[in-house]
Amino acid sequence: MARKAFLIDMSRCIACRACQVGCKQWNKLDPEATVNRGCYENPPQLTPQLYNQMQFIEQDNGDQLRWLYLNKRCMHCADAGCIKVCPSAGALYHTPEGLVGFNQDKCIECNYCVNGCPFDVPRYDARKKVTKCHACIDRIANGMLPACVKACPTQTLRFGDRDSLIAEAKAAGKKVYGENDLKGLGAVYILEDSPETYKLPAKPAIPASIFLWKDVVKPFGILGFWGAVGAALLHYVTFGPKKLENGEDHDTPEKGA
């Protein structure tokens, strides 16, 4: 099956947040109490009840004010850090379309995926289970567009054959973010400025520290613990319990004590 992807052209976005509303409605995500922080960006980040979020980047250029918008969501990486570090098989997985889905019944609440994602996307809900954008895989399986794409009035969000969408963007002279990073993102962007301006990593990569902990420090720690237990048992079997020397009896109180 050809790989599917989102093409997100932020030059077309009007920040109406229809994508947020459509996602919440289809996925039955609860509303959340928010606080007016003097900014249109609300909530200020992804939450367990918000799978895609509109970020507002305000730039003061002297006598002019510049607004940039970013639709933040799971990037559906081909080389997905969340899947790589997850110790529970099937809790996070690639769909036949190349998107990243999740199964809360298999989530063991380890939080590795949070640390393994270079985009700070996975969240944990009230049941301490992983949650994030799953690209409406239930809609896709029935031949429908993801709810956010369906709700977008400006075609900022598009979904379809990944190679065709990227080829179309390039033919229009657009530069695509995420084409080859992490073996290709499943959410590729057309940006109006550098990735860093949008608070995106210029060269996203899976943090090495998560592998150092998961593949080196933790296994050696477990090995050291069970090694110590095994050594204690071997000593007991070989030499038996410790024998008290003549006259050594800690349970007998000293005279006059």
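Strand β1 and strand β10 (residues 187-190) pair in the parallel sense over four bridges; strands pair if DSSP finds at least two bridges between them. This is a predicted model, in which local features need pLDDT of at least 70 and side-chain atom pairs count only at pLDDT 80 or more, while totals for chains, interfaces and linings use all residues. Residues are numbered from 1 along each chain as its sequence is written, and side-chain values use heavy atoms, with hydrogens and water left out. Helices (H or I, at least four residues) and strands (E, at least two) are DSSP runs, numbered from the N terminus.

**Strand β1**
- Five of the six residues of β1 (residues 4-9) are buried, where buried means under 20% relative accessible area, exposed over 50%, and partly exposed in between (1.4 Å probe, protein chains only).
- Phe 6 has Phe 159 of β8 as its bridge partner.

**Arg 162**
- Arg 162 belongs to helix α6 (residues 162-171).
- Arg 162 is buried but has no salt bridge, and the nearest side chain of opposite charge, Asp 163, is 4.5 Å away; Lys and Arg count as positive and Asp and Glu as negative, with His and the chain ends not counted.
- A polar atom of the Arg 162 side chain lies 2.7 Å from the backbone oxygen of Glu 179, and a polar atom of that side chain lies 3.3 Å from the backbone oxygen of Gly 178.
- Not counting residues up to four places away in sequence, Arg 162 touches residues including Lys 4, Ala 5 and Val 188 (contact means heavy atoms within 4.5 Å).

**Salt bridges**
- The model has seven salt bridges, each a side-chain nitrogen of Lys or Arg within 4 Å of a carboxyl oxygen of Asp or Glu.
- Glu 168 and Arg 158 form one of them at 2.9 Å, N to O; this pair links distant parts of the chain, helix α6 and strand β8, ten residues apart.
- Glu 168 is partly exposed at 42% relative accessibility, and Arg 158 is partly exposed at 28%.
- Glu 109 and Lys 129 meet at 3.7 Å, N to O, linking the loop between β5 (100-102) and α3 (112-116) to the loop between β6 (123-124) and β7 (130-131), 20 residues apart.
- Glu 109 is partly exposed at 37% relative accessibility, whereas Lys 129 is buried at 14%.
- Arg 37 and Glu 41 meet at 3.8 Å, N to O; Arg 37 is partly exposed, with a relative accessible area of 44%, and Glu 41 is buried, at 12%.

Definitions and conventions:
A polar contact is a pair of N or O atoms within 3.5 Å; within protein, one must be able to donate a hydrogen and the other to accept it, and residues adjacent in sequence count only if both atoms are side-chain atoms.
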